[in-house]
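User: Hello! I would like to learn how to read the features of a protein model, step by step. Could you take me through this one?

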Amino acid sequence: MSATAKVLVVEDERELSADIVELIKPICDVTTAFDGEQGEFLASQDVFDAIILDLMLPGESGLDLLLHIRNKEVKTPVLILTAKDTIADKLRGFNDGADDYVTKPFHREELLARMKALLKRTGHLNSTDVISLGQLAINTSKHLATFNGQPLTLKGREFDLLTYLVANPGTIITKEQIFNRLWGFDSETSLSVVEVYMSNLRKELKNAGSDLSIRTIRNAGYIVEAPDEQ
């Protein structure tokens, strides 16, 4: 993940969507979608840490969206938000891969608490604000990365890139995922910017004496592992 957790809100009622964004933006970066097709496209990029998903969407239902992304092996935690509150509706949502369920109308405090719990449970909302791998430690709240106690000099999005990799050790992350996560789907920057930042990050780690390795997996992406796992 980047320094801040990223959440996708798929809700067609724009006023409600705006309310949800206002509610959760103190704890995460928020991207919105207003119909099922747009929501599925964004969710399928697999760059979000959680999804808030309405079931009654135009074009494609929330349950269909959920089923489709799970079939694509997107494992992003999903909190369903809907007016449907029968046991059968809830069971279908859970069976299709939902992680939590909040019914409309809802209390703002409950939704925020559920979202915080979901992000904490999946390790994307750290109470200590520190993640580490080997002798590398990243304090997201202070925007500081250190190796063996010595600070690294990271420029621009290099910090976010390192954080995203270290938060997903042993996982292949594609160039497209990195681009969409750090620069955004609507960025006019070319995909090659990822290679530039990756090269700069590797040089900084090497200069710091870090034995942390960022490997390129041909035709797949990048993977970072702790030294004893290489």
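This is a predicted model: local features need pLDDT of at least 70, side-chain atom pairs count only at pLDDT 80 or more; totals for chains, interfaces and linings use all residues.

User: Let's begin with the overall build. How many helices and strands does the protein have?

Analyst: The protein has eight helices and 11 strands. Along its principal axes, the C-alpha trace spans about 55 × 35 × 30 Å.

User: What does the radius of gyration tell me here?

Analyst: The idea is to set the value beside what a compact globule of that length would give. For 230 residues that would be near 17 Å, and the protein has 19 Å, which agrees.

User: And what share of the residues is buried?

Analyst: A residue counts as buried when its relative accessible area is under 20%. By that cut-off, 46% of the 230 residues are buried.

User: How do I read the contacts along the chain?

Analyst: Look at how far apart in the chain the partners are. Among contacts with a separation of 6 or more, 56% are between residues 24 or more positions apart.

User: What about charges?

Analyst: Here we compare the mean positions of the two kinds. The protein has 25 positive and 35 negative charges, and their mean positions are 5 Å apart.

User: Now the rings. How many aromatic pairs are there?

Analyst: Rings pair if their centres lie within 6.5 Å, and planes under 30 degrees apart count as stacked, over 60 as edge-to-face. The count comes to two aromatic pairs. In one, the ring centres of Phe179 and Trp183 are 6.0 Å apart and the planes are at 15 degrees, so this pair is stacked. In the other, Trp183 and Tyr197 have centres 5.1 Å apart and planes at 75 degrees, so that pair is edge-to-face.

User: Where do Trp183 and Tyr197 lie in the chain?

Analyst: Trp183 is in the loop between helix 7 (175-182) and helix 8 (193-207), while Tyr197 is in helix 8, 14 residues apart. Together, Phe179, Trp183 and Tyr197 form one aromatic cluster.

User: Are Phe179 and Trp183 buried or exposed?

Analyst: Phe179 is buried at a relative accessible area of 8%, and Trp183 is buried at 13%.

User: Finally, why is helix 6 described as largely enclosed?

Analyst: We check its residues one by one. Nine of the nine residues in helix 6 (residues 158-166) are buried, so the rest of the structure largely encloses this helix. Among them are Glu158, Asp160 and Thr163, as well as Phe159 and Leu161.

Methods: Residues are numbered from 1 along each chain as its sequence is written. Side-chain values use heavy atoms; hydrogens and water are left out. Helices (H or I, at least four residues) and strands (E, at least two) are DSSP runs, numbered from the N terminus. The radius of gyration is taken over C-alpha atoms; the globule rule is 2.2 Å times the number of residues to the power 0.38. Buried means under 20% relative accessible area, exposed over 50%, partly exposed in between (1.4 Å probe, protein chains only). Contact means heavy atoms within 4.5 Å. Lys and Arg count as positive and Asp and Glu as negative; His and the chain ends are not counted. The place of a charge is taken as NZ of Lys, CZ of Arg, CG of Asp or CD of Glu.
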